Amino acid sequence: MTVKSLKRMTAFGIATGFGIGYMPYAPGTAGSLLALLLYRLLPLGNTGWLIVSVVAFVAGIWAAGLVEKESAKDPGWIIIDE
């Protein structure tokens with residue numbers, strides 16, 4: 001596996017919510033429900049969730065930008081922006 005393919009796989013994983021974006025019905029809603037479930041299950045506190053949010057924001061910008069270069073403009077299966 002090359003660095004380029006690992007970078008691509010990581011970007012697609014982040015952008016699609018680790019595959020949730022490929023669901024046939026309401027992938028954005030499913031991604032939001034996953035985020036809510038993680039929030040309820042992981043006791044990180046305010047500072048922890050702030051850090052997670054900033055990291056997810058930055059990673060999402062990177063991943064969505066990279067994936068969008070290889071696909072159509074704003075494909076529905078990119079759910080990191082939900």
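## Start at Arg8

Select Arg8: at 41% relative accessibility, Arg8 counts as partly exposed (buried means under 20% relative accessible area, exposed over 50%, and partly exposed in between, with a 1.4 Å probe and protein chains only). Before going on, some ground rules: this is a predicted model, where local features need pLDDT of at least 70, side-chain atom pairs count only at pLDDT 80 or more, and totals for chains, interfaces and linings use all residues. Residues are numbered from 1 along each chain as its sequence is written, and side-chain values use heavy atoms, with hydrogens and water left out.

Glu70 and Arg8 form a salt bridge, with their closest N and O atoms 2.7 Å apart (the rule is a side-chain nitrogen of Lys or Arg within 4 Å of a carboxyl oxygen of Asp or Glu). The two partners are 62 residues apart, with Arg8 in helix 1 (residues 3-15) and Glu70 in helix 3 (residues 45-70). Glu70 is partly exposed too, at 44% relative accessible area. By this rule the count comes to 1 salt bridge. Side chains of opposite charge can pair when their charged atoms come close.

## Zoom out

Switch to cartoon. Helices (H or I, at least four residues) and strands (E, at least two) are DSSP runs, numbered from the N terminus. The C-alpha trace spans about 35 × 30 × 20 Å along its principal axes. Of the 82 residues in the chain, 26% count as buried. Among contacts (heavy atoms within 4.5 Å) with a separation of 6 or more, 62% are between residues 24 or more positions apart.

## The rings

Next, select Phe12, Tyr22 and Trp77, which ring pairs link into a cluster. A search of the whole structure finds 3 aromatic pairs; rings of Phe, Tyr and Trp (its six-membered ring) pair if their centres lie within 6.5 Å, and planes under 30 degrees apart count as stacked, over 60 as edge-to-face and the rest as tilted. How are Phe12 and Trp77 arranged? They are stacked, 5.7 Å centre to centre with 15° between the planes. Phe12 sits in helix 1 and Trp77 in the segment after helix 3, 65 residues apart. Phe12 is buried at 16%, while Trp77 is partly exposed at 23%.

Show what surrounds Phe12: leaving aside neighbours within four places in sequence, Phe12 is in contact with Tyr22, Val67, Glu70 and Trp77.

## The nonpolar core

Select Ala11, Phe12, Ile14, Ala15, Ala63, Val67 and Ile78. These 7 residues make up the largest nonpolar core, a set of buried Ala, Val, Leu, Ile, Met, Phe, Trp, Tyr and Cys residues joined through side-chain atoms within 4.5 Å. Helix 1 and helix 3 each supply at least two of its residues, and the largest share, 4 residues, comes from helix 1. In soluble globular proteins, nonpolar side chains tend to be buried together.

Centre on Ala11 in helix 1. Ala11 is buried, with a relative accessible area of 0%. Beyond its neighbours within four places, Ala11 is in contact with Trp62, Ala63, Leu66 and Val67.

## Into the loop

Move to the loop between helix 1 and helix 2 (27-41), where you'll find Thr16. Is Thr16 buried or exposed? Thr16 is buried, at 2%. Not counting residues up to four places away in sequence, Thr16 touches Gly21, Tyr22, Trp77 and Ile79.

Phe18 lies in this loop too, but Phe18 counts as exposed at 70%. Check its backbone: phi of Phe18 is near 60°, a positive value in a residue other than glycine. Ala26, also found in the loop, has a positive phi near 50° and is partly exposed at 44%. Most residues other than glycine have a negative phi.

Finally, select Ala35, Val52, Ala56, Phe57 and Ile80, the closest to the centre of the largest pocket among its 24 lining residues. Helix 3 gives the most to this lining, with 10 residues.

Technical notes: 1 Å grid on protein atoms, 1.4 Å probe; cavity = no way out; pocket = protein on both sides within 12 Å on 5 of 7 lines; lining within 4 Å.
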